[in-house]
Amino acid sequence: MNTEEHQRLFIHRGTFPVRGVSFGTMFKPAEYSANDQLARRETSDFIQEYSNEIGQMSGRCLDIGCGPCDLVVDSLLPVLNPKATVVCSDISKPMLDYAKEKYGANDRLSFLQLDIESPTLAEDLVEQFDHVTSFYCLHWCEDMRQAFENIFDLLRPGGSGFLTFVSDFPCMDAYKVLAAIPRYQRYMTDADRFIPVFQHAERPRESLKMLLEKVGFEVCHCSSRERIYIYETPDAFAKFMACVNPFIHRMPSDLQREYRIDLDIEARKHTFIVNKDRNNDYSILSRRHTFVVYLKKPLVH
Ligand SMILES: C[S@@+](CC[C@H](N)C(=O)[O-])C[C@H]1O[C@@H](n2cnc3c(N)ncnc32)[C@H](O)[C@@H]1O
């Protein structure tokens, strides 16, 4: 990795002006929960692939960016060692409230508001977790080094982590185009920080592995997997793009309607039409790369 690449990947790209507020409302929990099936299926496949390693995770686990917690309950808990408990954490209070409401009665789960990218990790969390998982969350982080240093500090020596997150998703380049349109500009001043950090990296897998090793992890596995998603209808694709869009909820509702249409048009430029039938019904194919990482914190460091 050259110096320029290093700076682009790991140095703050400007301070996010309204971090707390915007992250709190970044996703609408019910909307996300209803439209994330393909991402959830992909993650479940990765959990199954690593079921031997995850099956050995016992004790106190931390899931980072748990969202509505459907994935933790449906796919992670059944694979973890039956003695494992999970602290479900998320930066967003609305997400945690939704998850608590839905799954609060499950005695293997507890809930914690946590910004994994925080420069001031609470002392009482340090080395409190035997294992860490995180699915489809870490690409929201701007300062990856800080996020991984925090994960390192949260883990007990000898602990392990299983992480999946987006390496590149070309549809997110739509944000750059939309942010340049005057009527959206003021709601998208921080558009760059929501395009995954590794999106345009020359060697994303190597860069990530190097960073993890620098932080102190033993990297047992680190790959970038190409995944093809087929959204059965154009509407399903549009709904997915809207449910993971961090800007939409900052806008007044009449502008939101217009923005949804423009987001769909721009994002579709990075997709393909497939399965067109006689009635002109068709599906949308999109491509992305996902990091799959299994790591350990050494017993002695
Ligand atoms: C796309 S959702 C994924 C939810 C769940 N893990 C899943 O796979 O279904 C990403 C979640 O990460 C959370 N998130 C984003 N940035 C975060 C941060 N810095 N610290 C903790 N959580 C964060 C968001 O609030 C959101 O709930």
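1. Helix 12 and helix 13 (residues 253–268) have axes that come within 10 Å and cross at roughly 105°. Axes here are lines fitted to C-alpha atoms, for helices over the stretch in contact, with angles from 0 to 180 degrees between N-to-C directions. Helix 12 is therefore roughly perpendicular to helix 13 (65 to 115 degrees; under 35 is roughly parallel, over 145 roughly antiparallel, the rest oblique). Helices are DSSP runs (H or I, at least four residues), as are strands (E, at least two), numbered from the N terminus.

2. This is a predicted model, in which local features need pLDDT of at least 70, side-chain atom pairs count only at pLDDT 80 or more, and totals for chains, interfaces and linings use all residues. Residues are numbered from 1 along each chain as its sequence is written, and side-chain values use heavy atoms, without hydrogens and water.

3. Which residues make the helix 12 contact with helix 13? Helix 12 supplies Pro234, Phe237, Ala238, Met241 and Ala242. Helix 13 supplies Arg260, Leu263, Asp264, Ala267 and Arg268. Contact means heavy atoms within 4.5 Å. By class, 7 of these residues are nonpolar, none polar and 3 charged. Ala, Val, Leu, Ile, Met, Phe, Trp, Tyr, Cys and Pro count as nonpolar, Asp, Glu, Lys and Arg as charged, and the others, Gly among them, as polar.

4. Confidence comes next. Mean pLDDT (the predictor's confidence in each residue, from 0 to 100) is 91 for the protein chain, and 91% of its residues reach 70 or more. Residues 6–21 fall below 50, yet this stretch has 38 contacts in the model beyond near neighbours in sequence. Where pLDDT is low, predicted coordinates should not be read in detail.

5. The largest pocket holds about 170 Å³ of space. On a 1 Å grid over the protein atoms alone, a pocket is an open set of points with protein on both sides within 12 Å along at least five of seven lines; a cavity is a set where a 1.4 Å probe fits but cannot get out; lining residues have an atom within 4 Å of a point. Helix 4 gives the most to the pocket lining, with 3 residues. The lining has 6 nonpolar, 2 polar and 3 charged residues.

6. There are 2 cavities of 30 Å³ or more.

7. Helix 4 gives the most to its lining, with 3 residues.

Conventions: Points joined across faces, edges and corners; volume = space filled by probe spheres on them.
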